[in-house]
Amino acid sequence: MKKAINIRMDETLLTDLDSYAHELERSRTYIIEKAVSTYFDTLDEMIADKRIDELKAGKTEVYTLEEVAKRLGLS
């Protein structure tokens with residue numbers, strides 16, 4: 001199910017959006033959805049890098065599957 005949102009966008013960015021939409025014969029919504037979806041891949045990588053850095057710095061604890069199961073009383 002799709003939900004509507006309202007956003008404010010710089011006029012230059014909106015002009016670019018309209019140009020891409022027109023060239024590709026797609027809607028603004030389509031272009032924005034694809035852009036956000038693609039950017040989420042980048043954000044996933046950034047989060048993974050951050051978590052690796054935290055692990056290396058000793059800021060995060062790692063547990064084996066067996067340890068988690070034991071803590072949950074599943075073993």
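Helices are DSSP runs of H or I with at least four residues, numbered from the N terminus. Their axes are lines fitted to C-alpha atoms over the stretch in contact, and angles run from 0 to 180 degrees between N-to-C directions. The model is predicted, so local features need pLDDT of at least 70, side-chain atom pairs count only at pLDDT 80 or more, and totals for chains, interfaces and linings use all residues. Residues are numbered from 1 along each chain as its sequence is written, and side-chain values use heavy atoms, with hydrogens and water left out.

Two packed helices are described by the angle between their axes and the distance between the axes. Helix α1 spans residues 11-24, and helix α2 spans residues 28-56. Their packing angle is about 105°, and the axes lie 9 Å apart. The two helices are therefore roughly perpendicular to each other (65 to 115 degrees; under 35 is roughly parallel, over 145 roughly antiparallel and the rest oblique). On the α1 side, the contact (heavy atoms within 4.5 Å) is made by L14, L17, D18, A21 and L24. On the α2 side, R28, I31 and I32 take part. Six of the contact residues are nonpolar, none is polar and two are charged. Here Ala, Val, Leu, Ile, Met, Phe, Trp, Tyr, Cys and Pro count as nonpolar, Asp, Glu, Lys and Arg as charged, and the others, Gly among them, as polar.

I31 belongs to helix α2. Its relative accessibility is 15%, and I31 therefore counts as buried (under 20% relative accessible area; exposed is over 50% and partly exposed in between, with a 1.4 Å probe and protein chains only). Leaving aside residues up to four places away in sequence, I31 touches L17, A21, L24 and R26.

S19 sits in helix α1. At 44% relative accessibility, S19 is partly exposed. Its C-alpha atom is separated by 46 Å from that of A57, 38 residues apart along the chain.

E25 is found in the loop between α1 and α2. This residue is not a glycine, yet its phi is positive, at about 55°. E25 is exposed, with a relative accessible area of 73%.

R26 lies over the face of Y30, at 4.2 Å from the ring centre. A charge sits over a ring if NZ of Lys or CZ of Arg is within 6 Å of the ring centre and within 35 degrees of the ring normal.
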